[in-house]
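Welcome! Then read on for a short tour.

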Amino acid sequence: ISNAVDINAVRKASLLKHTKMGKNTYILSVGRLSHEKNHKILIEAISRLDTSLIKLDIFGEGSLHDELQDLIYGKKLENIITIKPYNKDWWKLLKKADMLVSMSYFEGSPNVVLESMAGKCPLVLSSINEHIELLDDRSALFSPPNDAKSLSIAIKNVIDNKADAKERSEFAFNVSQKFNIWNTAD
């Protein structure tokens, strides 16, 4: 049985007043700062891109905080990537975000992905079974979890092809409807 997502609550939160990032591409990543969430590969992928117009916020807490922070500083990305404590109101950022990236090695039922689908946020996901069971190439871009080059290409694809990303996010939103509270309860 999959987890349910309160689609109306996500939509309501993500429709709240927000500010645009200007020309910057705003990327979200939400999840524990632990090995299985694989934030290191995301940081490596970002380092391969033109970072002058990118802003990445990683929301989470956990044992890898200092190690990830050191990696960010080591790659001189401290003005690009910020690690922030988990915020239960992160849904409000879905309309502001150009994409959400989740590169987990494994998941149970990926709540962050379900919530992002409900918020119509374009997705770049690790090509693990738990993500592929939810979505396909019509609704998200996929990258192997240990391939920073592939991930950087997928992120650049979203940046360069906003219309395609929006179309995929609409398709993902339609898929999210089957995970609403009532359908899941049934």
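Does Val113 count as buried or exposed? Val113 counts as buried, because its relative accessibility is 1%; buried means under 20% relative accessible area, exposed over 50%, and partly exposed in between, using a 1.4 Å probe and protein chains only.

This is a predicted model, in which local features need pLDDT of at least 70 and side-chain atom pairs count only at pLDDT 80 or more, while totals for chains, interfaces and linings use all residues. Residues are numbered from 1 along each chain as its sequence is written, and side-chain values use heavy atoms, with hydrogens and water left out.

**The overall picture**

- The protein has 8 helices and 6 strands; helices (H or I, at least four residues) and strands (E, at least two) are DSSP runs, numbered from the N terminus.
- Starting at the N terminus, the elements follow the order α-β-α-β-α-β-β-α-β-α-β-α-α-α.
- Of the 186 residues in the protein, 51% are buried.
- Among contacts with a separation of 6 or more, 74% are between residues 24 or more positions apart; contact means heavy atoms within 4.5 Å.

**Val113 and its helix**

- Val113 belongs to helix α4, which covers residues 111–118.
- Leaving aside residues up to four places away in sequence, Val113 touches Ser102, Leu123, Leu125, His131, Leu134 and Leu135.
- Val113 and Leu100 are 13 residues apart along the chain, and their C-alpha atoms are separated by 8.2 Å.
- Helix α4 is largely enclosed by the rest of the structure, because 7 of its 8 residues are buried.
- The buried residues of α4 are Val112, Val113, Leu114, Glu115, Ser116, Met117 and Ala118.
- Just after α4 comes Lys120, with a positive phi of about 55°.

- Strand β1 (residues 25–30) runs parallel to β4 and is joined to it by 2 bridges; two strands pair if DSSP finds at least two bridges between them.
- Leu100 in β4 is the bridge partner of Leu28.
- Strand β5 (residues 123–126) also pairs with β4 in the parallel sense, over 3 bridges, and here Ser102 stands opposite Leu125.
- Together, β4, α4 and β5 form a right-handed β-α-β unit; right-handed means that, with the strands pointing away from the viewer, the path from the first strand over the helix to the second runs clockwise.

**Strands β2 and β3**

- Strand β2 (residues 54–59) and β3 run parallel and are joined by 4 bridges.
- One of the pairings is between Asp57 and its bridge partner in β3, Thr82.
- The covered face of β3 holds Ile81 and Ile83, while Thr82 and Lys84 are on the uncovered one.
- A right-handed β-α-β unit is made by β2, α3 and β3.

**The second largest pocket**

- The second largest pocket has a volume of about 260 Å³.
- This pocket is lined by 21 residues, and the closest to its centre are Val30, Gly31, Arg32, Lys37 and Val112.
- On a 1 Å grid over the protein atoms alone, a pocket is an open set of points where a 1.4 Å probe fits, with protein on both sides within 12 Å along at least five of seven lines; lining residues have an atom within 4 Å of a point.
- Grid points are joined across faces, edges and corners, and the volume is the space filled by probe spheres set on the points.
- At least two lining residues come from each of β1, β4 and α4, and α4 gives the largest share, 4 residues.
- The lining has 8 nonpolar, 8 polar and 5 charged residues; Ala, Val, Leu, Ile, Met, Phe, Trp, Tyr, Cys and Pro count as nonpolar, Asp, Glu, Lys and Arg as charged, and the others, Gly among them, as polar.

**Loops and the start of the chain**

- Asn38, in the loop between β1 and α2, has a positive phi near 60° although it is a residue other than glycine.
- Asn38 counts as buried, because its relative accessibility is 6%.
- Lys76, in the loop between α3 and β3, has a positive phi near 55° and counts as exposed at 68% relative accessibility.
- Asn3 sits in the segment before α1 and is partly exposed at 30% relative accessibility.
- The C-alpha atoms of Asn3 and Gly108 are separated by 9.1 Å, with the two residues 105 residues apart along the chain.
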